[in-house]
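Work through the exercises below with the model open. Each task is followed by its solution.

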Amino acid sequence: MDVSIVIPTKNGGELFGKVLDSVYNQKTKYSYEVICVDSGSKDDTIEIIKSHSAALYEIPPEEFGHGKTRNFGASKGSGEYIVFLTQDACPANDTWLENMIDAMKIEEDVVGGFGIHYPYPDCNLFDKRDLKVHFQGFGSDNTVYYMDDKDRYEREEGYRHLLAYFSDNNSCIRRDIWEKYPYDDVNFAEDQIWMRKMIEMGYKKVYCPYAPVYHSHNYDISSYFGRYFDEFRSLYGLHKYMIVKKWWLVLPGAFYMINSDYKYLRQLVGMKRSEKIKWLWYSIRRNLSRFIAGYWGGRYHAYPNVIKNWLDKHVSQQYKQVKG
């Protein structure tokens with residue numbers, strides 16, 4: 001078997017059926033299997049998996065973990081390459097898989113690869129912009145990354161972020177490397193933690209813009225708040241990065257981003273003034289959420305256990321997904 005495609009699932013809904021349709025419609029010279037690990041779906045996700053003849057493994061919700069569940073799924077396959085997808089990341093063409101594996105073979109020391117994300121048609125205005133800018137930063141062609149300057153790696157936080165970035169929404173790793181270095185048992189950022197280790201060990205990663213998936217979200221503000229908390233808590237653990245280090249910088253930081261969004265809205269031709277006002281109000285609420293939650297998440301390590309427990313139960317989106 002050439003490829004094992006591993007997809008953790010829970011209440012995937014109608015979109016997940018479209019994801020599997022696209023996975024099974026791939027045109028490729030590579031043989032592949034699909035492995036789904038479900039952690040307590042209450043909708044028709046199980047029926048969707050069975051209707052596509054994918055291998056199904058069921059685990060209790062409390063056993064889910066982003067690192068260990070993907071390790072479990074990968075262990076059930078035999079492919080030389082392990083491709084990770086999320087249940088809401090839909091391959092955008094029928095050559096997605098072949099292009100991803102071809103990119104992995106560009107250089108011998110490439111151990112992991114990731115593909116571009118396209119926004120869904122209903123994606124909100126700012127995420128569309130941000131996704132485009134984010135992935136443009138990795139190049140317009142298959143591009144290999146590795147640590148070519150250790151001094152720069154030590155002194156430049158941005159360079160460390162660039163090299164460690166890896167997204168299991170749409171990624172691939174070599175099985176022989178995964179068997180030696182499986183994912184850590186963590187609840188967030190298992191992909192970037194793993195890639196940082198690989199980069200620091202001297203391995204390489206590849207970015208493949210020819211292996212696209214549709215992947216974007218339109219969460220409500222409270223959900224974004226929880227996701228930002230989880231994101232910046234993990235970024236501190238990974239890079240010691242904090243979006244703001246002092247509480248009095250929360251508002252200036254938020255309004256800097258709001259002003260940037262305002263300038264972006266002003267340059268949009270053809271959008272009604274009422275629409276721009278609506279999006280500006282959205283920007284205000286979302287950026288305040290980003291900086292407040294980011295401040296809490298960045299300082300999570302320093303809080304006493306009683307506060308950590310409260311934040312986990314009342315703020316963390318990951319905690320709600322596992323326990324819910």
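**Exercise 1: threonine 9**

Threonine 9 lies in strand 1 (residues 3-9); strands here are DSSP runs of E with at least two residues, helices runs of H or I with at least four, numbered from the N terminus. The model is predicted: local features need pLDDT of at least 70, side-chain atom pairs 80 or more, while totals for chains, interfaces and linings use all residues. Residues are numbered from 1 along each chain as its sequence is written, and side-chain values use heavy atoms, without hydrogens and water.

Task: decide why threonine 9 counts as buried.

Solution. Step one: take its relative accessibility, 3%. Step two: apply the cut-offs (buried under 20% relative accessible area, exposed over 50%, partly exposed in between; 1.4 Å probe, protein chains only). Threonine 9 is therefore buried. Step three: list contacts (heavy atoms within 4.5 Å). Beyond neighbours within four places in sequence, they include Phe16, Asp38, Ile49 and Gln87.

**Exercise 2: strand 4**

Task: find which strands pair with strand 4.

Solution. Pairing takes at least two DSSP bridges. Strand 1 runs parallel to strand 4, with 4 bridges; serine 4 stands opposite isoleucine 82. Strand 8 (residues 170-174) is antiparallel to strand 4, over 5 bridges. There, leucine 85 faces asparagine 170. Now check the side chains: Tyr81, Val83 and Leu85 point one way, Ile82 and Phe84 the other, and all are buried.
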